[in-house]
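Dear colleague,

I am passing on a structure that will be new to you, and I would be glad if you could look it over alongside the notes that follow.

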Amino acid sequence: VSTQSTWGQSYPTNQTIIMPGSDDILAQLPVIDLTNFLSNPDVNDADYKKNCELVAQLLHQYGILLVKDPRVPEQDNENFLDMMEQYFEQPDNDKSKDIRKELFYQVGITPERTERARGHCDKTKNFADSEKPLTICPPELDPKCRFFWRIGDRPQKTEFTQLNADAVIPEAFQDRWANVMNGWGGKLIGAVQVVARMAALGMGLDDDTFTKLLHQGPHLLAPTGSDFYKYGKVDTVLASYHYDLNFMTIHGRSRFPGLYIWTRDGKKALVKVPQQCLLLQAGKQFEWLTGGWVLAGFHEVVVIPQTIEAIEKAKAAGRSLWRISSTLFSHVASDNTLEPLGKFSNEEALKKYPPTKAGNQVQQELQMIKLGHNEVAAS
């Protein structure tokens, strides 16, 4: 299978793209180059349609995509990682000023040992040993920190003010924080919007089916910070086995390996994002809108031998030992309704995915991972 998707190349959209027994799933995934889509968006072009169908099929079969967006330079990711390393290197007392517990940590910093993933023990107990996550059952509190920064416009009126709160700007970074965060986050959400359009067309829906639901959503640039000064031993679970509650998650390259993903059929794969590429994974809201045709992808972050190698190299170079994830969560707007759309809407799907406001779905999920309050989940 080619590792590069180009206009004019035919892909089967009703067959398995990766052969059974493949050891390195991500290495065999075609990279979707968005260049021609951006320069020549002709929905009637046969090659255009094939690539959109490929995007849809990859999301259905594997829940993940590797894309190359010419508008997203690798240096912007490096600048973002540099600043986030500097932020997390600060003393805890300085970072604690950025905690907004009353807003369910949906802006500012979430301290380590705060978030606990939902248990998925019933799902994983029958996995082959080679496919099982390292997360214990039930999961412990994650040792990772996280910073949430809103990306894009907020709605003027919303039922869910807590999910659309004002951003937090750290005291020591007043001069550059907003520019760096908005610059990198804006590029990531731009890539998500293009992929959302391609996915919709590939699924036989109008191209704006998903993007209009994402308009003014509570999108979050959400870098995690994992402290390898404290948590640098092999098999340490930094982020427990979980899926993301949002529409689609997009990642730039991290400086330390250790992110594992699981495909629809339960195959485990170590993430290796190629240079100049981005990784996207479907979240729960995408699953809801497609009635389960696309499933929310599971993932886990752990310290592996390759992580230790990267830590030793960072030490030798005098670099930071904080692992930063270059992550953005795209969201359906809080007041929009989640329900199976178009051809995905049928009696069975509607029973499993009943019409629910996105804000309510998010609040319920936050309560389950210990970031919300009981009274909010019931609202």
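A search of the whole structure turns up 1 disulfide, a term used here for a pair of cysteine sulfur atoms within 2.5 Å. Please bear in mind that this is a predicted model, in which local features need pLDDT of at least 70 and side-chain atom pairs count only at pLDDT 80 or more, whereas totals for chains, interfaces and linings use all residues. Residues are numbered from 1 along each chain as its sequence is written, and side-chain values use heavy atoms, with hydrogens and water left out.

The disulfide joins Cys 121 to Cys 137, with an S to S distance of 2.4 Å, and the link is left-handed, with -120° about the S-S bond. Cys 121 lies in helix H6 (residues 121-124) and Cys 137 in the loop between H6 and strand E5 (145-151), so the pair ties together parts that are 16 residues apart in sequence. Helices (H or I, at least four residues) and strands (E, at least two) are DSSP runs, numbered from the N terminus.

Cys 121 is partly exposed at 24%, and Cys 137 is partly exposed at 47%. Cys 52, by contrast, counts as buried at 1% relative accessibility, and Cys 277 counts as buried at 6%.

Turning to the chain as a whole, its secondary structure comes to 13 helices and 17 strands, and 55% of its 379 residues count as buried. Taking contact to mean heavy atoms within 4.5 Å, residues 24 or more positions apart account for 81% of the contacts in the chain with a separation of 6 or more.

Leaving aside residues up to four places away in sequence, Trp 293 touches Ala 56, Gln 57, His 60, Met 203, Arg 264 and Phe 344.

With kind regards

Key: Buried means under 20% relative accessible area, exposed over 50%, partly exposed in between (1.4 Å probe, protein chains only).
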